[in-house]
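Thanks for making the time; I would like to walk through one structure this morning, and I will keep to what can be computed from its coordinates. Please have the sequence and the model open beside you as I go.

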Amino acid sequence: MRNNSSDSPLVVISHLRWDWVWQRPQHLVSRLASDRPVFYVEEPVATPTCPAPRIVSQPAGPVVRVWLEVPGTGTVLFGADRAGSYATLLSTWLEERQQTRCDVWLYTPMALEIAEALGPELLVYDVMDDLASFKGAPTGLQLLQRRLLERADVVFTGGRSLHRGVVSRRPHGTYLFPSGVETQHYAQSRGLRTEHDIPVAGYVGVIDERLDLDLVAAVADELPDWEIRLAGPVTKIDESSLPQRPNILYLGMQPYELLPEVMAGFDVALMPFALNEATRAISPTKTLEYLAAGLPVVSTRVPDVVADFGALVHLVDTGPELAEACRHVLTHSGDARDRKAAPTQQRHEWDTIAAEMAQILTTWREPQANESQRPEESA
């Protein structure tokens, strides 16, 4: 029988570092931490001077970051041989802090063994991406995902395409929660906007195999009198593959606090995603962020963007179309766009999403809850 107290700690195990790009895990977890202690468990870190595997922790705002430090160098993933002691050491670390009755919230199936070792009262899987489709996906991830979908009490999905794939294998206890937006944060961009000499089309986000770099190069060639700005870290691809043009500017990773200022320098927001296996099920958070910043948005035809935002963004297929769309959307009425976007933004505020998720967990934790009393699953 499950404990019916939300005071029990929440152990979030994620493949994403807390201090990396501020996205779905950080938005949700920081809000969930207002009601209960949260330990944010990250992938192992190899350190040459580390004498033996050990748990390291560090306060980080609303959460406590936790990770396994192991001897050596290089990248160490969940499930690696060098990380074999993670589950035991983490369990001991929590026991020493009298935090043994916990819920576990997973972002990667690769940490399922660790989650099971903690004996969670409630096991939650937030499917934010189809990780198996990403470049360099770990061996065995698909098998572990199937096991996790069977084992989890509650599953959340971060987009319509993801949800269709998950609910076909696990129809019960699965809820659709597309990623949201902190409207007030991005709305600051409107007051920071200033005049500049040439038009600017910009992208904010991770730069990896999901971006169509040929398309970025093509739009830069088609718009020689524009500047193309890309803000974000380069991951999983060789930086030498990035297109180089006189009018392409790479801004690097920007802290979340500065994103409104970065977007204030744009006239048009870009989502130049490739249409490949890695983007088949993505639901870009940045769509709502761009709109909250008051920017017109031009995107390739990512399925979830077409389904959820087709009436709010300008959809294109080719470099010339993208360039023409950039010119065209400059003439659009910002007020009209805001009126159309407002209902969607209100439904997708992070505060609302986190509160609804927390309520679902509360219901699932109640000892008297049965199938008829549990929240209705979203289709």
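How many salt bridges are there, if a salt bridge is a side-chain nitrogen of Lys or Arg within 4 Å of a carboxyl oxygen of Asp or Glu? By this rule the count comes to 22. Before I go into individual pairs, please keep in mind that this is a predicted model, in which local features need pLDDT of at least 70 and side-chain atom pairs count only at pLDDT 80 or more, while totals for chains, interfaces and linings use all residues. Residues are numbered from 1 along each chain as its sequence is written, and side-chain values use heavy atoms, with hydrogens and water left out.

One of the pairs here is Asp 19 with Arg 65, whose closest N and O atoms are 3.4 Å apart. This pair links distant parts of the chain, since Asp 19 sits in the loop between β1 (10–13) and α1 (24–32), whereas Arg 65 belongs to strand β5 (residues 63–71), 46 residues apart. Arg 65 is buried, at a relative accessible area of 9%, where buried means under 20% relative accessible area, exposed means over 50%, and partly exposed lies in between, with a 1.4 Å probe and protein chains only.

A second pair is Arg 36 with Asp 103, which meet in a salt bridge at 2.7 Å, N to O. Here too distant parts of the chain are linked, with Arg 36 in the loop between α1 and β2 (38–41) and Asp 103 in strand β6, 67 residues apart. Are these two partners buried or exposed? Both Arg 36 and Asp 103 are buried. For Glu 227 and Arg 229, which also form a salt bridge, the closest N and O atoms are 2.5 Å apart. Finally on this topic, salt bridges that share partners join Arg 17, Asp 19, Glu 42 and Arg 65 into one network.

Let me turn to the helices. The buried residues of helix α4 (residues 141–151) are Leu 141, Leu 144, Gln 145, Leu 148 and Leu 149. Seen down the axis of α4, these fall within an arc of 140 degrees, so they line one face of the helix, the arc being that of the directions from the helix axis to the C-beta atoms. On the other side of α4, Leu 143 and Glu 150 are exposed. What do the buried residues of α4 pack against? Their partners are β6 (103–106), α3 (112–117), β7 (122–127), β8 (154–157) and α5 (160–167), with contact taken as heavy atoms within 4.5 Å.

Helix α11 (residues 319–329) can be described in the same terms, its buried residues being Gly 319, Leu 322, Ala 323, Ala 325, Cys 326 and Val 329. Down the axis of α11 they fall within an arc of 160 degrees, so they line one face of the helix. They pack against β10 (200–204), α7 (213–222), β13 (268–271), β14 (297–300) and β15 (314–316).

α1 and helix α13 (residues 350–365) pack at an angle of about 65 degrees, with their axes 9 Å apart, where axes are lines fitted to C-alpha atoms, for helices over the stretch in contact, and angles run from 0 to 180 degrees between N-to-C directions. Among the residues that meet are Leu 28 and Leu 32 in α1, and Trp 350 and Met 357 in α13.

I will close with backbone geometry. Gln 98, in the loop between α2 (86–96) and β6, has a phi near 55 degrees, a positive value in a residue other than glycine, and Gln 98 is exposed at 72% relative accessible area. Lys 236, in the loop between β11 (227–231) and β12 (248–252), likewise has a positive phi, near 65 degrees, but is partly exposed, at 36%.

Technical notes:
Helices (H or I, at least four residues) and strands (E, at least two) are DSSP runs, numbered from the N terminus.
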